[in-house]
Every structure is written in C-alpha cells, then in structure tokens.
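Me: I'd like to learn how to read a sheet and the helices around it. Could you walk me through an example?

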There are 2 protein chains.
Amino acid sequence: MEGRKVTLRDLAMKAGLSVNTISRALKDKEDIAPATRKLIKDLAKDMGYIGNALAGSLRSGLTKTIAVIVSDVANPHFGIMVKDIDKTARKHNYTIFVINTEDDYDMEERAIFTAIRKNVDGIIICPSQRSTDNIRFLQKNGVPFVLIGRRFKDEPEFDYVICDDEKGGYLATKHLVESGHRRVLFLNGPNRISSAQERFEGYKRAHDEAGLPIEEDLIIEVGASAGDTKQVVRQLIEQKADFTGIFAFNDVIAWEAVYVLHKYGYRVPDDYAVIGFDNIQSRLFIPFQLSSISNSKGKMSKRAMDIILHKINHPESKERFHEVIDTTLVLRESTK
Amino acid sequence: MEGRKVTLRDLAMKAGLSVNTISRALKDKEDIAPATRKLIKDLAKDMGYIGNALAGSLRSGLTKTIAVIVSDVANPHFGIMVKDIDKTARKHNYTIFVINTEDDYDMEERAIFTAIRKNVDGIIICPSQRSTDNIRFLQKNGVPFVLIGRRFKDEPEFDYVICDDEKGGYLATKHLVESGHRRVLFLNGPNRISSAQERFEGYKRAHDEAGLPIEEDLIIEVGASAGDTKQVVRQLIEQKADFTGIFAFNDVIAWEAVYVLHKYGYRVPDDYAVIGFDNIQSRLFIPFQLSSISNSKGKMSKRAMDIILHKINHPESKERFHEVIDTTLVLRESTK
DNA sequence: TTGTAGGCGTTATCAG
DNA sequence: CTGATAACGCCTACAA
C-alpha cells in the first residue's frame, strides 16, 4: 500500500462517480443520497483515503490551525499553558503549531512569518516586547491574534489575556513585608516585558503602604533562560548583599534562587523567605513547598482560545478583549 | 493594509510582469535580469508580500513541517525535548507541530491522521504502545517517522531513538541496594510501554546480582498523569507497606512521591531514599536534590531529528536506525 | 530574459 | 440528487 496517496479522484474512478460527489458525500452534505453516501464512505475506508488538508485549505482559506508562539516550552509554566491550549483547540477541531522564540525578537519575527506563510487561522502569542513592530505587522496582515501573559498598555488595539500582575506583585511583596522582611530582593524578569513592569508596580505599592523605601540595588533583572539566575544569586551572596526576603518573577527563577541558597548552606525560610509566581505546583508536585502567586493558567489558556475562535468566526467584529485574570496568594513553607 | 493577503498575482499586476517572473525573481533564479530582480524584491517588501506555503506545498509535496507527537508537554521531560527538537528543526528550516496524546490510544490515532492530512514531511512520535496498529498505519502510509523514548522490540522495521532504559533501571536499583535498601519500591510507568518494561528488567538484574528476591507487591504501576502517584503513595504509607528505597519511573513521579512522604513527616533520604529518571534537574534547577538517571535528552532529540531528516531526504534508503543513548547515574542528596 | 499553459487536490457554484 | 467547471496560489516545463 506504499506509493502515492489515495485522492478523491481515485475514489471517483473506482466508484464511477464524479470527484465532486465523493467530496460532498464524505462531508455528509444533505444533497447526496444516503445510499450513495454510505457506499462512498465505505469505499473511502476501504481504500484508506485520508484527505489532503493542504488542498482543502488552499481552496477554503482555512487551515484549522492556530500558532502558539511562546518564549520557552521547557518552562513548565508554558508547557502547561500549551497543553491547555492544545486541549481546547482539539475540542474545536483545531491543531496547534508551537514555536519557541526564547524571547528573542528576531526569532519572534521569523515565527510570525512562518505562521502567516503557513496560513494559520489565528495566533496566540506571548510577545517578546522589544518593540511593537512584530505585533503591528501581525495586525496589518489581518491575522486574528491575541496576546497572552503580556500586553502593550499604549496599544488598546491589541487584544490580550493576562493575569493581574500588579496585584500578584503586591500580594507577594506585602506578604513578605508583613512577615517582617524589610529588605526584599526582587529578581525580576526583563523590564521591557509588561508583566515584569506591572509586578514591579505591585512591589512598589506594597512598599509604599508599609512606608518602606524602594532600594534600587534590590531590584535585579535576571535573564529568562535557565541558569541565569544562579549566576546572579551567587554573586549577591558573595557580596553579602543585604536582604532577607526574595520575590521572584516566576517559580523557575525562585527555584533556582533557592537552589543556590541551599548550595551555600542557607535555609529557606529560616535564613531567607522566598516567594515565586505562576504557582506551578498546582500542576506539578515538586517536593519543595514554594509560596507563589496563582495565575490560573487553565483559565488564561481557555480564554485565549475562546477569543481567537471568536475573532476567527466573527472577522467583522470590532470587539476588543482586554482580560485580566485574578491572581491570588498561595502560601507554602518557603515563606512564613 | 487590512484585507486579503498579497499574492504573486498582485505583485505581477503592479509590476506589469507575469506571475511567473515574479516567482522566479523572488527565488533568485539566474534567468531574471538583476535589475528586474531588485525591482521585484523591493516591490514585494513594499507591499508586504508573504508567500503562501500552502500553495507551494501543494505543488511540491513538501511542507517543511514535522509533527511531534508526545504524551504530555506539561511534563518538563517532554517540554525540554520539544524545545530541543524545535531548535534543531529550525536550523534546517522546518517547523514543528506539537500534538499531545496524553498516552491515549485514540488521541494518538487522531494525532496521526491530523499529521498525515496536513502533509507533514515526517513524524517524531513517542508511541502510547497500546498496540502497534497506529504505527503500522503510519508505515503503510509511507510517512517517514521515528519513535522516540519507546520502541517495539518485535518490530525491527520501526526506527527509534531511546535511552538505555535497562541500564538506567539497573544503575538506579543497584545504587539503592548497595546503599543498604533491601526492599526497593518501584513506582513504574504503564507496563505496556517499552521503557517501563526495560527499566524493570534493570531493576530485576540489580536484584539478581545482589541475590535479592523480586517482591511483587513492591512493583507498582502508576498512571502517567499528574496526581496519580500521590494517591498510590498515600495508600502505601497508610498500609505501612514495607520498603525503604524508592525507584521512580521518572522525576515527576519521584517528586510526587517525595511530596507525599514530606506531607507525612518523613524525611528523604533519612527515612526513605528516592531516585528518579530523566535528570530534569540538569535543565531546570529545582531546589530538591533528586538523584536520577541521566538520559541525554538533548542528544536524543537531536538524533531523532537527524534521522527524520535523513529519511525525508533519502526516501529510498532502507537503512534502519535503532539507537540507544547511554544512561548514567547522577547522585544527589535524595539517596545516600 | 520573460511569458504561457497546466496541474497539485480540494471545494464552491451552478447547471442538469 | 449528481456532474462539469472553475477557482485557490504557486511552481515546473516549455515556448517565445
């Protein structure tokens, strides 16, 4: 059964019917006699017919495909989101492309080109935010898209689903401050990213409320890739930097920070209190009880898909989606 | 600039040239006057032309796309592999589809259909192994494919890249046994999976060498999905099951087991020694020092892509790829 | 150096 | 109910 694939034409020849009839029968159109329909379907199964989506898509203009462009699937946060998006997509008969950008602007540009070239019906993207050009380009091209996890505050035209980053940053910091930590190290993500900026806003609000000053040297930007944090924390410890609490931009960074603290013989939360963001532990049972900010990855993924589907199905709609999913504090043993 | 996408035809109209000339110019064919070429390229950039891969693929029969079918991207093990595969793919100008099966046979079947319908050039699949039918189907359809992480021992026709599971199982168990644990609980994956079977072989070999019997009640199959392990371990503890060492099928299961042990106030490695498999900690710095078996995810991913590319580029080659990547013991503090 | 014709496999339209 | 015809956008082959 090797060789060329079975096409509608092959079925048509065999059945002595027109290609068109075959096509319509397989799609359960009402205007084909039930008997004929059954006949054709059986034949198709017999001959192992598998449609060619390429051809169909070329004609219909729809690929039933969504591109998901994220910075790093190896980060469980994104792994979980991708899984959830895939699940929702499947329910609606969509397939997803996953493209990694490593938060690199050029890779993001290429990812977008690829997605458009492949005629995806929509794009869910966690933008690297070096500039708005890539996203503007998307918009100009008319591909439905929605940002996830990050937003451009000055661009109300871009739909997004994010979690309440400011509140998350506030809750995390407030908790540390209230536990008595007056010098809280903030291991933040790249400052160009909205979530980093907004979590920092929260950090500031908590300090303001407590009447604590913001110490510039306690705000540190760490790279997003695995391993970067280790370097930074190691250095801080060597310098005997003065802090007792750590608020990390995400759980992966928090883990890495604790990892280094442990290496130096420090104990958490006894010597340092540490809190992360993403609450990965709700989905992956890691034996380190990290306090964190829950951001409902499941809900975010689902909303993003819903929005994309809405935009695909109502291309004329001018509705704007600016969704902010609530964040909550989840206390575990890494803070007290 | 909204609306329909720019096509070769649009460029042709604008330039007063034929579609063909445009196409050839954009592909840098020698037989177009350099001046014309430049003109056309500038125009294309101006009008924001992005080729339609669908149309091209329909013609050429190639999509420059690889499907990656795995059980769970949310498991960092797969997340990391997907990332690595994507990286290699990109280097060769390929894009990847990621499809999750949750190790469900029907979802796997649908995933394969989807991949074929979308005309992927090749498939990298971690098969669910409920039966060989799905894979046989792939073979019958002539799509190049390679198994990753699992194999069918009775099907030498299927190419695969796995790690040395037997050796890994042996090393892990041997280490526990040599540390004085005479009753080692094996939290294994589903037995239909080759890696589970082979790791068990290793477990047995270590026992044989040490002259220890295999106790049936210490071999427990846990579901692959997050949360399953908790239930199992909780029950064992409640039953006061007799064991002091735990060898887990993978790190995620190991983490979950430790998670529960901690909940019950037990300490690792003092009360129980625990070792996992996959060595996720080489890529994600989790602050729990889990001993594990390293299986070179990077190497596996790379080899899988190389093999797929080879098969795509040499469809006639009858070469068979049965690759077994070495596994090694990585000791950390969860065993002593 | 450039243009024309035909086809990839499917689907939409309209006629019968 | 079913069939013929023409697209979808691009590319290969050949003609001019």
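Reply: Gladly! Keep in mind that this is a predicted model. Start with strand order: chain B has an open sheet of four strands, arranged β7-β6-β8-β9 with parallel pairing.

Me: Which are the edge strands?

Reply: Look for strands that pair on one side only; in chain B these are β7 (219–221) and β9 (273–275). From one strand to the next, the twist averages 20°.

Me: Over how many bridges do β6 and β7 of chain B pair?

Reply: Three bridges, in the parallel sense, join β6(B), residues 184–188, to β7(B). For one of the partners, B:Asn188 is bridged to B:Glu221 in β7(B).

Me: Which strands does helix α8 of chain B touch?

Reply: Helix α8(B) (165–178) packs on the sheet against β6, β8 (245–248) and β9 of chain B, and its direction makes about 170° with that of β8(B). Helix α10(B) (228–238) also packs on the sheet, touching β6 and β7 of chain B, at about 155° to the direction of β6(B).

Me: And how do I read a helix pair? At what angle do α6 and α7 of chain B pack?

Reply: Take the angle and the axis distance together: α6(B) (105–117) and α7(B) (133–140) pack at about 10°, with axes 10 Å apart. Angles under 35 degrees count as roughly parallel, so these two helices are roughly parallel to each other. The crossing is right-handed.

Me: Which residues make the contact?

Reply: Among them are B:Ile112, B:Phe113 and B:Ile116 of α6(B), and B:Phe137 and B:Leu138 of α7(B). By class, the contact has six nonpolar, one polar and three charged residues.

Notes:
Residues are numbered from 1 along each chain as its sequence is written. Chains are lettered from A and ligands numbered from 1 in the order in which they are written. This is a predicted model: local features need pLDDT of at least 70, side-chain atom pairs count only at pLDDT 80 or more; totals for chains, interfaces and linings use all residues. Side-chain values use heavy atoms; hydrogens and water are left out. Two strands pair if DSSP finds at least two bridges between them. Axes are lines fitted to C-alpha atoms, for helices over the stretch in contact, and angles run from 0 to 180 degrees between N-to-C directions. Contact means heavy atoms within 4.5 Å. Angles under 35 degrees count as roughly parallel, over 145 as roughly antiparallel, 65 to 115 as roughly perpendicular and the rest as oblique. A crossing is left-handed if the near helix is turned anticlockwise from the far one by less than a right angle, and right-handed if clockwise. Ala, Val, Leu, Ile, Met, Phe, Trp, Tyr, Cys and Pro count as nonpolar, Asp, Glu, Lys and Arg as charged, and the others, Gly among them, as polar.
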